[in-house]
Amino acid sequence: MDYAEAKEKIISELSKKKGKTKFYFNDLAKILDAKPRDAKKIVNQLIQEQVLEFWSSGSTSMYGLKGAGKQAGAEGE
Amino acid sequence: MPKHETPMLDQLETGPWPSFVSDIKQEAASRAKNERNVEFQIPEDVCDDLLGVLELSYKHGRTHWKHGGIVGVFGYGGGVIGRYCDQPEMFPGVAHFHTMRVNQPGGKFYSTEYLRQLCDLWEFRGSGITNMHGSTGDIIFLGTTTPQLEEIFYEMTHNLNQDLGGSGSNLRTPSDCIGQARCEYACYDTQALCYDLTQTYQDELHRPAFPYKFKFKFDGCPNCCVASIARADISFIGTWRDDIRIDQEAVQAYIGGELKPNAGAHMGRDWGPFDIQKEVIDLCPTGCMWMDGKELKIDNKECTRCMHCINVMPRALRIGNDRGLSMLVGAKAPILDGAQMSTMLVPFIKAEEPYDDIKEIIEKIWDWWMEEGKNRERLGELMKRQGFQKLLEVTELQPDPRMVQEPRSNPYIFWKEEEVEGGWSRDINEFRKYHQR
């Protein structure tokens, strides 16, 4: 799968999920149907391009589409 | 006059121990005075509001912090932890109070200049409150706002030669003991290995793609000063595979009282004359020591590196010369499953640059865990779920009696068909010749 195709797939699959805006890395690897290390290269690039953004509780990290779900603005920032 | 009344926090200061409440009050007073005319970039009364929200939490018996956030520095998925207060009108100073993790220097060696630079930066752009080397091991900056994050990151990486640490589903900031820099027990250069792996695994440290957190900790010897055996997914514990070196003259000096046992560490009261039988030989967990006349003898093949005899008589007994480390895996605190200590995986491996053998094992473990680990499942839990035998398979290591904690702790090691000559198939007629139906 080339990068453009992977990007398309991630955006369309994550947009489909209703009521959920944060996803584990494994969810993304499953969507890409790729081994974790290959999926990571694509996911890293999506972060660099600001298609995806990180969310962290401090102990666990998740990914979401940039701008989806609660944003820093909602916290009064 | 404090901004908030804090009667319950004040009680914490009355105990015999140093109190974090006093520390925060001290910082609050120092910010209020601002003798050095610092241009605070976040509210001056942040520490007062921190005390206020903590007092309110004690009153309510509930936290007033919300969980997590999307804040961070660009390109990094770890190192910054979003923290927001759910009573921002009452405590505006801590409405946004993000944590930053900073990679601690190897062996926690500082220059005073470096410490001063860190503190100045944090007074200027943060709350001034730090948590030095708590359970994560790294330097924790407690409390700043989002606009300060990139500024702090730039200053640290460009002017202080310093990186952020790990948080979230990342490789966490690797942590090591002081090692050969000051300790004669260190069996390998903990700081060199810690630094090398930190540099090698930058991507794993900063870009989360693991099922959960993953920790390396490096102990130079089995005294385990950084408690790697209890806390790290991979514990690197120094060991030796030849004999403990014995200086018989020094043994006699301990017996005769010329040398103080434990290097004089327990001299606060009179324990009576040193008794090598009672205090060393009888306490050896494997009973592998004895006196042969005036000579101390050790049956080294029975030694399990408990370090007791070496700690008591450091001038007489020294670590062996053929040194390396053991790799133990799977320690964790209780979150999903109960607490676990590390399990022996590699009894002995040389710790020599460029550490390729060690990296090969690490990467095989990661490949397995990244593929098979469930979300929020630590390595130790995956080992329990799929079995130690599976771990041996993925790391391509041969089973070894030293991996068995005690007899019968794991009896379920099975042969596979390809490991057995002739496989599982048999000639039933040949079998019946010897076995009646």
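Modeller: A salt bridge is taken here as a side-chain nitrogen of Lys or Arg within 4 Å of a carboxyl oxygen of Asp or Glu. This is a predicted model, in which local features need pLDDT of at least 70 and side-chain atom pairs count only at pLDDT 80 or more, while totals for chains, interfaces and linings use all residues. Residues are numbered from 1 along each chain as its sequence is written, chains are lettered from A and ligands numbered from 1 in the order in which they are written, and side-chain values use heavy atoms, with hydrogens and water left out.

Colleague: Which residue forms a salt bridge with Arg36(B)?

Modeller: The N-to-O distance in this salt bridge is 3.7 Å. Arg36(B) sits in the loop between helix 2 and helix 3 of chain B, and its partner, 87 residues apart from it, lies in helix 4 (residues 112-125); helices are DSSP runs (H or I, at least four residues), numbered from the N terminus. The partner of Arg36(B) is Glu123(B).

Colleague: Is Glu123(B) buried or exposed?

Modeller: Buried means under 20% relative accessible area, exposed over 50%, and partly exposed in between, with a 1.4 Å probe and protein chains only. Arg36(B), at 55%, is exposed. Glu123(B) has a relative accessible area of 14% and therefore counts as buried.

Colleague: How many residues apart are Glu396(B) and Lys364(B)?

Modeller: These two form a salt bridge whose closest N and O atoms are 3.1 Å apart. Glu396(B) belongs to the loop between helix 14 (388-395) and helix 15 (428-434) of chain B, and Lys364(B) to helix 12, so that the pair links distant parts of the chain.

Colleague: What separates Lys390(B) and Glu393(B) in helix 14 of chain B?

Modeller: Lys390(B) and Glu393(B) form a salt bridge with their closest N and O atoms 3.8 Å apart. Lys390(B) is partly exposed at 29% relative accessibility, and Glu393(B) is partly exposed at 37%. Because the two are three residues apart in this helix, the separation is about one helical turn.

Colleague: At what angle do helix 2 and helix 3 of chain B pack?

Modeller: Helix 2 (residues 20-33) and helix 3 (residues 46-60) have axes 7 Å apart, where axes are lines fitted to C-alpha atoms over the stretch in contact and angles run from 0 to 180 degrees between N-to-C directions. The contact (heavy atoms within 4.5 Å) includes Phe20(B) and Ile24(B) of helix 2 and Leu54(B) and Tyr58(B) of helix 3. The packing angle is about 145 degrees.

Colleague: Where is Arg378(B) in chain B?

Modeller: With a relative accessibility of 4%, Arg378(B) counts as buried. Arg378(B) is placed in the loop between helix 12 (356-372) and helix 13 (379-386).

Colleague: Which residues is His308(B) in contact with, leaving aside its neighbours within four places in sequence?

Modeller: His308(B) lies in helix 11 (residues 308-312) of chain B and, at 27% relative accessibility, counts as partly exposed. With those neighbours set aside, the contacts of His308(B) are Glu279(B), Val280(B) and Leu283(B).
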